[in-house]
Amino acid sequence: RAKNLRGKTREELQDELEANKQELASLRVAKVTGAQASRLAQLSEIRRNIAKIMTVYNQQRRENLRGVWSKNKYKPIDLRRNVTRKQRHRLSARQAASITTR
């Protein structure tokens with residue numbers, strides 16, 4: 001299902017997200033009023049669908065931002081590589097090669 005979402009545009013994802021949120025709201029009302037159990041089983045499915053849409057939407061947004069910030073010297077923290085402090089502070093390949101023996 002997430003595979004199908006990746007081909008959609010941002011507007012299509014937002015429309016689908018709004019539709020799922022409205023469906024979730026109506027299911028919550030149905031739960032309070034005492035609806036059938038078969039209809040209430042859709043609650044978790046709708047929540048999962050919302051999570052999938054949000055995940056794909058945020059991945060696309062971050063990918064677009066990476067393209068925008070790729071040529072800049074400094075990047076926002078959330079777009080930087082997720083590595084350990086040790087890996088961030090180690091010498092680059094060029095620096096390591098330039099060190100001479102004593």
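Is Glu63 buried or exposed?

Modeller: Glu63 is exposed, with a relative accessible area of 51%; the cut-offs are under 20% for buried and over 50% for exposed, with partly exposed in between (1.4 Å probe, protein chains only). Bear in mind that this is a predicted model, where local features need pLDDT of at least 70 and side-chain atom pairs count only at pLDDT 80 or more, while totals for chains, interfaces and linings use all residues. Residues are numbered from 1 along each chain as its sequence is written, and side-chain values use heavy atoms, leaving out hydrogens and water.

Now, who does Glu63 pair with? Its side chain meets that of Arg66 in a salt bridge, 4.0 Å from N to O (a side-chain nitrogen of Lys or Arg within 4 Å of a carboxyl oxygen of Asp or Glu). Arg66, at 34% relative accessibility, counts as partly exposed. Both partners sit in helix H4, residues 42–69 (a DSSP run of H or I, at least four residues, numbered from the N terminus). Glu63 and Arg66 are 3 residues apart there, about one turn of the helix.

The model has 2 salt bridges by that rule. Lys8 and Glu16 also make one through their side chains, with 2.6 Å from N to O. In that pair, Lys8 is partly exposed at 30% relative accessible area, whereas Glu16 is buried at 17%.

Conventions
Helix = DSSP H or I, 4+ residues; strand = E, 2+ residues; numbered from the N terminus.
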